[in-house]
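Thanks for taking a look at this one with me.

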Amino acid sequence: MALDGITLYGIIYELRNELLGGKIDKIYQPEKDEIIIYIRNIGNNYKLLISANANFPRIYLTDEYKENPINPPMFCMLLRKYLQGGKIVDIYQKGFDRIVFIDVLSRDELEKEVVKTLVVEIMGRYSNIILIDKESEIIVDSVKRVYQDMSKIREITPGIKYELPPSQDKLNIKKFKKEDLFAALQLFNGKKIDKALLNLFEGFSPVLSREIAYRSQVDDRYINELSEDGIEKLIYNLNLLKSHLENSNFKPCIAYVDDNPYEFSIIELTQYENLVFYKSVNEAALKFYREKANAESLKSRSHDLKKLIQTHLERLYNKLEKQLDELKNAENADIYKLYGELITSNLYKLNKKTDAFKTINYYTGEEITVPLDIKYTPNENAQMYFKKYAKLKNAVEFLTKQIEETKKEIEYLEGQLLNVEQCTLPSEIDEIREELSDTGYIKKKNKDKKQKKSISKPLHYISSDNFDIYVGKNNVQNDYLTMKFADINDMWLHTKNIPGSHVIIKSKGTKIPDSTILEAAKLAALHSKAKNSSNVPVDYTLRKYVKKPSGSKPGFVIYTNQKTLYVTPDDK
């Protein structure tokens with residue numbers, strides 16, 4: 001769900017308590033539509049996440065790690081110029097609109113005090129982050145520029161005056177009266193109660209509207225079916241919400257459905273059974289969006305890459321099928337050799353006009369019919385059969401090699417598909433994209449030679465015996481772990497003949513216990529194509545027995561002296 005104006009009110013209340021008077025220390029832009037502001041206030045450090053993502057626009061305090069690009073985007077540089085080192089003097093909301101205003105006091109080039117306002121518009125695909133001059137209301141810039149040909153409503157470009165989005169003229173929950181509600185409800189005669197509340201009140205979301213209707217026991221009713229008792233219950237629950245807001249008495253919670261976060265709100269969502277409550281609205285927002293938004297961001301980044309890999313795989317599957325069919329036909333070459341031999345041994349019996357003849361197959365002693373082409377002499381027929389035999393025998397050798405290469409290519413791309421699914425950071429997606437470019441699957445782009453590369457990190461676990469276990473999430477990490485990071489007496493693990501991650505157990509110069517090897521084997525199975533299977537074979541051997549052939553693809557190794565464990569993956 002998108003942040004509604006009522007929940008946003010609670011987040012702003014908490015942000016004011018924590019951030020007012022704080023100094024902006026650093027500003028980063030990890031995504032094209034997302035910024036993180038580091039703030040110091042009375043000895044405490046905070047990270048404020050602001051996102052204009054079309055699917056999950058949001059603002060709250062965060063503790064999560066976000067990977068930043070080596071070269072900061074232009075909007076990030078502009079925010080640093082105007083806001084970094086500044087003091088947050090106000091954070092506010094007009095009514096219950098989904099717009100947050102953050103006033104920052106700083107000094108300009110002439111050391112004169114100026115106030116810049118960061119405007120955060122949380123409006124679905126129209127969400128934006130805009131920097132304006134407080135006094136003149138002129139737009140300095142925005143994370144998304146909106147030109148006249150893009151919107152008939154308003155333009156958002158540097159140098160023009162900032163205008164609020166068009167008002168919808170709704171009721172303010174803090175100011176409403178019983179008679180106002182009754183009169184307003186009549187405008188929505190024929191609508192369901194929750195839909196009417198959504199259209200009536202500023203800042204209401206569908207889940208909040210349903211909650212008020214549910215508590216009032218009218219969630220299945222239409223406006224024209226409302227009784228006096230139903231109206232009284234609505235009034236009571238609306239006043240209760242009003243009281244919660246006026247007294248900052250929030251009860252933030254997340255509703256879970258099938259163990260997945262489904263909705264969250266500033267008040268208890270009694271319409272759901274499985275609720276988890278939090279101390280603050282910011283914490284609930286962070287918990288709710290952390291998984292959903294990050295997964296959506298990675299999904300968006302990896303979608304085209306997965307589609308490209310799958311397209312290549314489909315072509316390879318078809319290619320392999322055709323090669324196997326051709327090999328099957330080629331493997332019947334011996335019959336043509338036999339035809340040639342039988343014709344040669346029976347030349348004295350044959351004449352040119354014979355289209356077939358019967359004779360004894362001297363290999364089996366059985367009668368066999370040998371077809372002939374009457375356009376050619378028997379001897380010419382024999383020579384044609386011998387040539388066809390030789391050609392097909394050569395084809396068997398060629399096709400066998402080709403099939404082996406096709407299978408290796410399929411294995412490589414299936415491994416890359418698995419790698420994409422395992423990525424947890426944007427840089428890991430970029431590493432796979434670059435590798436596919438280097439191996440010819442993606443057209444290479446002109447690169448900036450001065451541009452630095454960010455290096456992603458493998459997963460790190462600690463076994464029950466206190467041994468470090470590392471798991472690669474892509475081929476760059478796999479090669480690094482195996483060929484550079486691991487010592488020769490560390491343990492190396494990989495699923496047997498199944499695409500998966502390289503796993504390293506650091507030995508610390510001591511013998512690795514069987515229990516740690518078993519745990520590492522389960523991790524290897526979990527981070528493989530067989531993660532949903534049972535009894536997955538996992539090979540393990542010392543790192544010194546693992547070699548990388550010269551010229552082999554990233555992530556490919558050969559190994560010896562291995563033993564095999566059969567384990568069932570367990571994500572716990």
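1. A polar contact is a pair of N or O atoms within 3.5 Å; within protein, one must be able to donate a hydrogen and the other to accept it, and residues adjacent in sequence count only if both atoms are side-chain atoms. Helices are DSSP runs (H or I, at least four residues), as are strands (E, at least two), numbered from the N terminus. With that in hand, look at Asp4, which caps the N-terminal end of helix 1, with a side-chain oxygen 3.0 Å from the backbone nitrogen of Ile6.

2. This is a predicted model, where local features need pLDDT of at least 70 and side-chain atom pairs count only at pLDDT 80 or more, while totals for chains, interfaces and linings use all residues. Residues are numbered from 1 along each chain as its sequence is written, and side-chain values use heavy atoms, leaving out hydrogens and water.

3. Helix 1 is largely enclosed by the rest of the structure, because 11 of its 15 residues are buried (under 20% relative accessible area, 1.4 Å probe, protein chains only). Among them are Ile6, Tyr9, Glu14 and Leu19. Just after helix 1, Gly21 has a positive phi of about 90°.

4. What lines the largest cavity? Its lining consists of Ile24, Ile37, Ile39, Leu48, Ile88, Ile102, Val104 and Leu118. Strand 2 (34–41) and strand 6 (99–107) each give two or more residues to this lining. A cavity here is a set of points on a 1 Å grid over the protein atoms alone where a 1.4 Å probe fits but cannot get out, and lining residues have an atom within 4 Å of a point.

Technical notes
1 Å grid on protein atoms, 1.4 Å probe; cavity = no way out; pocket = protein on both sides within 12 Å on 5 of 7 lines; lining within 4 Å. Buried < 20%, exposed > 50% of the residue type's maximum accessible area, 1.4 Å probe, protein only.
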